[in-house]
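Biologist: I am new to this one. Could you show it to me and take a few questions?

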Amino acid sequence: MKIWKGMVVVGAAASLALGACGQGGASNAEAKSPAAPATHPISGLPVVPLTITHAGKAHRFRVELARTGPEQEKGLMFRTSMGPDEGMVFPMHPPRPASFWMRNTVIGLDLIFVGADGRILNIAAKAIPYDETPLSSAGPVKGVLELNAGRAAELGIVPGDVVKW
């Protein structure tokens, strides 16, 4: 992970073909236990559900969860495609200002900065592939969500909307 003016700078890129985990041949006792989280076939990261609520309507996504420094530094670099309801979320503990760039990012992304209260602070829409210009949060964030470029506008997602994962 690189630091830029005291803020986290993370590279991004995309191509999600989400995989699912099955219970194949599990006994009744095993079948009643919670299923293991899905794992992305390319990154090996856990895939979790994420919901953005806008004007009373919930938009559901399946996103990779980049928790560690190395996972966040790599992000979605070098990926060439991503499904419309896929993405990656970068949790920040504790919440802090964040700045991302698009180094080694093949496709355009929307970067959604999620405040400590779970509401969207700001959106860096249609970030340009390979651009190293920092894209910063409007304040401390508990996470940053990356979606395909233009997806936020397409769904009417705006600052103030609630994000849960």
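**Surface, folds and cores**

Modeller: The chain exposes about 7,900 Å², and carbon and sulfur atoms supply 57% of that area. Keep in mind that this is a predicted model.

Biologist: What is the mean pLDDT of the chain?

Modeller: Over residues 1-33, pLDDT stays under 50. In the chain, 78% of residues reach 70 or more. The mean pLDDT is 84.

Biologist: How many contacts beyond four places in sequence does the model have for residues 1-33?

Modeller: In this stretch pLDDT stays under 50. The model still has contacts there beyond four places in sequence, and their number is 103.

Biologist: How many helices and strands are in the chain?

Modeller: Both kinds of element occur. The helices number three. The strands number 12.

Biologist: What share of contacts with a separation of 6 or more joins residues 24 or more positions apart?

Modeller: Take the contacts in the chain with a separation of 6 or more. Residues 24 or more positions apart account for 70%.

Biologist: Is Gly44 buried or exposed, or in between?

Modeller: Gly44 sits in the loop between strand E3 (38-39) and strand E4 (46-54). Its C-alpha atom is 8.9 Å from that of Glu64, 20 residues apart along the chain. Buried needs under 20% relative accessible area, and exposed needs over 50%. Gly44 has 45%, so Gly44 is partly exposed.

Biologist: Is Ser137 buried or exposed?

Modeller: Ser137 is also a loop residue, between strand E10 (135-136) and strand E11 (141-148). Beyond four places in sequence, Ser137 touches Pro97, Ala98, Phe113 and Asn122. The cut-off for buried is under 20%. Ser137 has a relative accessible area of 12%, so Ser137 is buried.

Biologist: Which elements give two or more residues to the largest nonpolar core?

Modeller: This core has 18 residues. Phe90, Met92, Phe100, Leu109, Leu111 and Val144 touch the most other members. The elements giving two or more residues are strand E6 (86-96), strand E8 (109-115), strand E9 (120-127) and E11.

Terms used
Residues are numbered from 1 along each chain as its sequence is written. This is a predicted model: local features need pLDDT of at least 70, side-chain atom pairs count only at pLDDT 80 or more; totals for chains, interfaces and linings use all residues. Side-chain values use heavy atoms; hydrogens and water are left out. pLDDT is the predictor's confidence in each residue, from 0 to 100. Contact means heavy atoms within 4.5 Å. Helices (H or I, at least four residues) and strands (E, at least two) are DSSP runs, numbered from the N terminus. Buried means under 20% relative accessible area, exposed over 50%, partly exposed in between (1.4 Å probe, protein chains only). Accessible areas come from the Shrake-Rupley method with a 1.4 Å probe; for residues, only the protein chains shown count as cover. A nonpolar core is a set of buried Ala, Val, Leu, Ile, Met, Phe, Trp, Tyr and Cys residues joined through side-chain atoms within 4.5 Å.
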